[in-house]
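Visitor: I have a structure to study and would like to talk it through. Could we begin with the terms I will need?

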Amino acid sequence: MYKLARDTWLIFARQMGLLLRNPVWVFVGLMQPLFFLLLFGPLLKGIPGLGGGNAYRIFIPGLLIQLALFGTLFVGFPLVSELRMGIIERMRVTPVSRFALLLGRAGTATAMLLFQGLMLVVLAIPFGLRVQVGPLLLTLALLALIAVLCSSLSYGIALWLKSEDALAPLLNMVSLPVLLLAGILLPMTYGPQWLRSISAYNPFKWAVDAARQLFAGHPGDGAVWKALLIVGALAAVVVTWAARSFARAVR
Amino acid sequence: MIETKALRKSFRSRKQTVEAVRGVDLVVREGEIFGFLGPNGAGKTTTLRMLATLVEPDGGQATVAGVDLRRAPGEVRRRIGYVAQGGCTWDEVSAREELVMQARLFGVHKSDARRRAASAIDAFQLAEFADRHCKTYSGGQRRRVDIALGVVHQPKIVFLDEPTTGLDPQSRVHMWDEVRRLRAEGMTVFLTTHYLEEADALCDRVAIMDYGEIVAEGTPDELKREVAGDVVTLGVNGSAARAAELLSTEPYVRAAEVADENLRLYVDDGASSIPQILRLLDGAGLPLGSIELHRPSLDDVFLARTGRSLREA
């Protein structure tokens, strides 16, 4: 257990170091939600029943989940070039823990996301967003679970496909319907029954609902623990799978 | 140091099964440079990767550094170093950072890892560029960094996969010196190569591999002695087959092989047989383009065992 923690920290520190050498990517990832905030957010104020700061309480949680999904689902790309360069292989012929190879990387993606998420919330405050600290922390915990889930999924798929050309279309194909069916831009309750039925199977729909309840100041709402449970369980399964892929991955 | 018995591996691609390694038995002794020679696709790299725990064998046994490879690959990893074919560093980091990181992956403490990185930089003469980013290195420099990375934790055995492929002749000779230095420090070196001169000049013992099997094993001198006598290579401009027919029945010719449009004759004594060869060819009206007498090389060993020249395989 000590070894796992130590190795994970080692990989995490290394990946963090590489990321901070090019910190521009942290901000590039933030640009898209920022555009939504600035260029789409004002539209919501005009919708009856959504007016004022209330609109941002519904909109910002959605944007946070979107940021989590898109910010971490594509982290597998650099891994493909690491594979090609033989870096992964070199690490595999060391006693380093296989879980650490994955968890250290997923940790870096999570740290970056939490920073971006916090930035987004802070930037939305001048627009009238109000949120309590406790529920905000719970939201960040949910985001962290999503980051671990999506980055591990991305790493696992990258190890499986071993090609950027195959990775890009696959991730795009998965991420867009997941995003739309999560009710990120508008709550799914506005949709017809069939759309709502499909979205009930989308874990991110539960995450968005939970984040909205948290921002509305209802941390006790059933949606919150359900989302944490669903995303947490999925993350555990995907992490196990991806760590096994790390142990097997050969060019 | 390494002992294998009937080590096997096949790969399935689509519906075809390729037997990459078909039962390899070999013994590598402590403190020697052991070379694995063979054409591309002979199974050298697959064998090396099996011994370095990267590929799981389908069958057979192996002991590496005193540990059963198949039962305890994790324990094998602690005792070996591995250097892959291509360079394997990020562009944006320096050799020093990478060396410290690599030592720490083996569980070495931070300050100790720094000290080891410094001594590796010293030993491999990397000081001049060790703090620059890896993307600025030349091919030879990168290769030296790769090898330094492979041995920074001071393993008992280091596996080098084609350590000099793609290097210019000067860097290659430099690399040979580094490999010899590793041996002088008491390390066992297992390397693959498809360069005959490299196997001949650098390795204490050589195994020649072809189509997934070892066709010869021994010191370069032993192997060459097996071929015996001298080799006469005749350039006979398209009539190699006729010349072979003519000469192979002569009593002083042990064997004749056509390779690269040339005829190679294995004879007991080159000096005395050349005049007779010339006389015979002249008598048959076969024009001679060139004639060359040399001691057998590892290529001749390969040719004698497989019927093909390594250069064309």
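Guide: A residue is called buried if 20 or more other C-beta atoms lie within 10 Å of its own, and exposed if 12 or fewer do. Please keep in mind that this is a predicted model.

Visitor: Which residues of helix 6 of chain B are buried?

Guide: They are B:Arg172, B:Met175, B:Val179 and B:Leu182. These residues lie on the same side of helix 6 of chain B, because they cover an arc of only 70° around the axis.

Visitor: And which exposed residues are on the face turned away from that buried side of helix 6 of chain B?

Guide: That face carries B:Gln170, B:Asp177, B:Arg181 and B:Ala184.

Visitor: What covers the buried residues of helix 6 of chain B?

Guide: The cover includes three strands of chain B, namely strand 3 (33–37), strand 7 (157–161) and strand 8 (188–193). It also includes helix 5 (139–151) and helix 7 (196–202) of chain B.

Visitor: What should helix 6 of chain B span, at 1.5 Å a residue?

Guide: Its 16 residues, 169–184, should span 22 Å, and the end C-alpha atoms are 23 Å apart, which agrees. After this helix comes B:Gly186, whose phi is positive, near 100°.

Visitor: Changing topic, how many helices and strands are there in chain A?

Guide: Chain A has eleven helices and zero strands.

Visitor: What about helix 7 of chain A: how many of its residues are buried?

Guide: Of its 29 residues, 21 are buried, so helix 7 of chain A is largely enclosed by the rest of the structure. This helix covers residues 133–161; at 1.5 Å a residue it should span 42 Å, and its end C-alpha atoms are 41 Å apart, which agrees. A:Lys162 follows the helix and has a positive phi, near 55°.

Terms used. Residues are numbered from 1 along each chain as its sequence is written. Chains are lettered from A and ligands numbered from 1 in the order in which they are written. This is a predicted model: local features need pLDDT of at least 70, side-chain atom pairs count only at pLDDT 80 or more; totals for chains, interfaces and linings use all residues. Helices (H or I, at least four residues) and strands (E, at least two) are DSSP runs, numbered from the N terminus. The expected span of a helix is 1.5 Å times one less than its number of residues. The arc is that of the directions from the helix axis to the C-beta atoms. Two residues are in contact if their C-beta atoms, placed from the backbone, lie within 7 Å.
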